[in-house]
Amino acid sequence: MNDYLIIGNSAAATGAIEGIRTVDKKGDITVLSEEAHLCYSRPLISYFLAGKVDGEKIIYRGRDFYSKNKVNLHLGSRAIEVDPDKKVVTSEGGREYPYQKLLIATGSSPLALLLKGSGKKGQHFFYNLNDVYHLKEIIKEGDSAVVVGGGLIGLKAAEALSLKGLKVTVVEKTPYLLSSILNQASATILEERIRKSGIRVIVNNTVEEITGTDKVEGVILGSGERISCTTLVLAAGVKPNTSFLENSGIPVNRGILVNEKMETQREGVYAAGDVVEGWDPLSENKRVVPIWPAAYCQGLIAGKNMAGHPMESSGEFPRNSISFFGLNIITAGLLEVNSGEEEIINYNEDKNTYYRVLIKDNRLVGMIKMGDIKEAGVLTWMIKKKMPAGDLKEKLKSGSLNPVHLPESIRSILYGEEGVK
Amino acid sequence: MKIELKKEYCVGCGLCEIYCLVAHSSSREVIKAFKGEKEKAESRLFLEIDKPVSFPLQCQHCDDAPCVRGCITGAMYKNQEEITLLDEDKCVSCYTCILECPYGAIQISKKESLLPIKCDLCIGSGGEPYCVNNCPNGALILKGGS
């Protein structure tokens with residue numbers, strides 16, 4: 001009998017292991033990992049492809065993490081069924097793992113596009129370490145690559161391929177890049193940087209067909225244009241890995257539904273990370289927030305609760321820090337401007353900095369900082385804690401807000417007991 | 001362990017920044033640190049003034065440090081004394097720590113490395129933090145630890 005069974009071995013699983021071990025030093029922890037790697041930093045796969053980090057540095061917590069935390073790690077072991085009544089997880093090959101407390105941290109998978117001509121050699125996802133090992137084997141300087149999707153994953157793939165000397169084209173179906181985290185004005189600045197770095201960007205268009213016999217030779221776009229390439233990267237979004245839960249009776253919407261303790265609606269079963277649909281305090285809805293910091297924190301909270309130490313999540317909202325060819329971008333919170341929301345924008349063309357915050361009901365609810373990301377976390381905190389921002393509008397317009405500028409009423413909270421809770 | 005700020009005593013003189021730089025220089029002597037070193041060191045705290053308020057932005061070494069929890073590489077960590085530190089070899093300068101730090105206490109180095117820099121409580125400099133020892137008004141106080 002495993003006291004704690006964890007399915008998945010990325011950020012949420014690591015958070016859970018560390019959470020459990022702050023409470024329970026002895027209980028048996030078993031981790032089932034579909035991938036045959038120690039927990040590695042998934043966002044670093046583009047750095048790995050570009051040669052900026054090696055196979056050692058990409059490991060998240062070091063090789064001795066599992067032994068130090070007395071974790072039984074089962075690599076290459078994919079869970080195919082969960083039975084919350086019998087409290088047993090079955091892995092591929094039929095092995096059964098009984099548990100007391102279960103954490104589902106199976107993450108997400110790239111969306112498979114139904115493209116005409118799919119299934120040829122040279123066609124890749126850009127999602128896990130194996131994808132990059134395969135890419136590393138086949139790409140050569142001077143090759144041409146097409147990346148489908150101008151989101152976070154697609155653009156990081158494009159940047160890495162470009163740094164490896166490939167001629168890269170990005171095809172994005174929406175009118176602008178990173179449309180899930182940027183507005184059009186900031187996306188235009190990014191697009192210019194990316195074009196200047198040698199990547200061709202095509203928006204408002206789709207890849208309709210992959211040409212070639214057994215190997216990728218090119219693509220045909222919705223516009224009819226043909227682009228020849230030997231490598232095709234599909235990065236058109238991700239979806240939570242929940243299909244193995246179909247017969248489990250664990251309620252799943254887009255992701256697994258959890259409460260503020262990261263507990264599912266079945267007793268003893270918790271979930272964390274990209275696979276869950278948790279509370280977003282900004283949109284005031286349940287949603288999937290597939291980002292690394294949220295996954296770690298949700299895992300930590302799940303782990304503590306599993307070990308009997310009550311802890312609640314105040315929810316997670318989207319936030320990202322990312323850079324492309326040296327252009328730093330930090331975003332957080334809501335993006336769309338709806339009625340009753342006020343936008344403050346500060347764009348400095350000479351310095352190539354863009355800044356935009358969104359205020360709703362006197363509260364800061366969204367930010368984009370580009371070029372100059374200094375003190376961005378102060379805004380993240382203001383958003384998270386729903387601090388009043390009405391009196392700070394003049395400061396916000398200047399494009400810089402740090403704790404010195406805050407009124408004492410807010411600053412005393414920031415530096416007080418509840419500041420970072 | 002952290003440095004507590006008595007901002008009512010801070011007059012924004014800037015000695016904390018100067019001595020922070022000295023603490024992180026190779027000579028740890030003020031004249032040499034500013035004039036005599038090949039690569040000038042940097043301060044890891046950032047004095048901000050918005051009159052009449054002034055104080056340094058400085059890592060609070062939070063118990064539940066959002067920078068550590070959010071770090072995508074595992075480079076930001078807590079040592080055994082619960083001091084928040086950066087493993088510079090592991091860091092890729094993604095700046096998720098800057099996204100997460102509510103104090104604006106992590107900034108980008110002006111050196112070529114572009115690493116995030118922050119207060120390390122002078123852990124490699126021996127003794128008490130230089131800013132605490134050199135604040136003429138006693139506005140910075142070391143709390144906790146031994």
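The residues that line the largest cavity of this predicted model divide into 12 nonpolar, 3 polar and no charged. That cavity holds about 100 Å³ of space. Its lining comprises 15 residues, and those closest to the centre are Cys10(B), Gly12(B), Cys13(B), Cys16(B) and Cys135(B). A search of the whole structure finds 7 cavities of 30 Å³ or more. Rolling a probe the size of a water molecule over the atoms shows where empty space is left.

**Chain A as a whole**

The secondary structure of chain A consists of 10 helices and 25 strands. With a radius of gyration of 23 Å, close to the 22 Å that the globule rule gives for 421 residues, chain A is as compact as a globular protein of that length. Taken along the principal axes, a box of roughly 65 × 60 × 35 Å is filled by the C-alpha atoms of chain A. Of the 421 residues in chain A, 57% are buried. Among the contacts in chain A with a separation of 6 or more, 61% are between residues 24 or more positions apart.

| Residue | Location in chain A | Relative accessible area |
|---|---|---|
| Asn402(A) | loop between helix 9 (393-397) and helix 10 (408-414) | 0% |
| Glu191(A) | helix 6 (residues 184-196) | 12% |

Asn402(A) is buried because its relative accessible area, 0%, is under the 20% cut-off. A polar atom of the Asn402(A) side chain lies 2.8 Å from the backbone nitrogen of Val404(A). Along the chain, Asn402(A) and Ala272(A) are 130 residues apart, and their C-alpha atoms are separated by 32 Å.

Is Glu191(A) buried or exposed? Glu191(A) counts as buried, because its relative accessibility of 12% is under 20%. This residue belongs to helix 6 of chain A, which covers residues 184-196. Not counting residues up to four places away in sequence, Glu191(A) is in contact with Leu177(A), Val201(A) and Val203(A).

Methods. Residues numbered from 1 in each chain as written. Chains lettered and ligands numbered in written order. Predicted model: local features only at pLDDT ≥ 70, side-chain atom pairs only at ≥ 80, totals over all residues. Heavy atoms only, no water. 1 Å grid on protein atoms, 1.4 Å probe; cavity = no way out; pocket = protein on both sides within 12 Å on 5 of 7 lines; lining within 4 Å. Points joined across faces, edges and corners; volume = space filled by probe spheres on them. Nonpolar A, V, L, I, M, F, W, Y, C, P; charged D, E, K, R; others polar. Helix = DSSP H or I, 4+ residues; strand = E, 2+ residues; numbered from the N terminus. Buried < 20%, exposed > 50% of the residue type's maximum accessible area, 1.4 Å probe, protein only. Polar contact = N/O pair within 3.5 Å; in protein donor to acceptor, adjacent residues only side chain to side chain. Rg over C-alpha atoms; globule rule 2.2 N^0.38 Å. Contact = heavy atoms within 4.5 Å.
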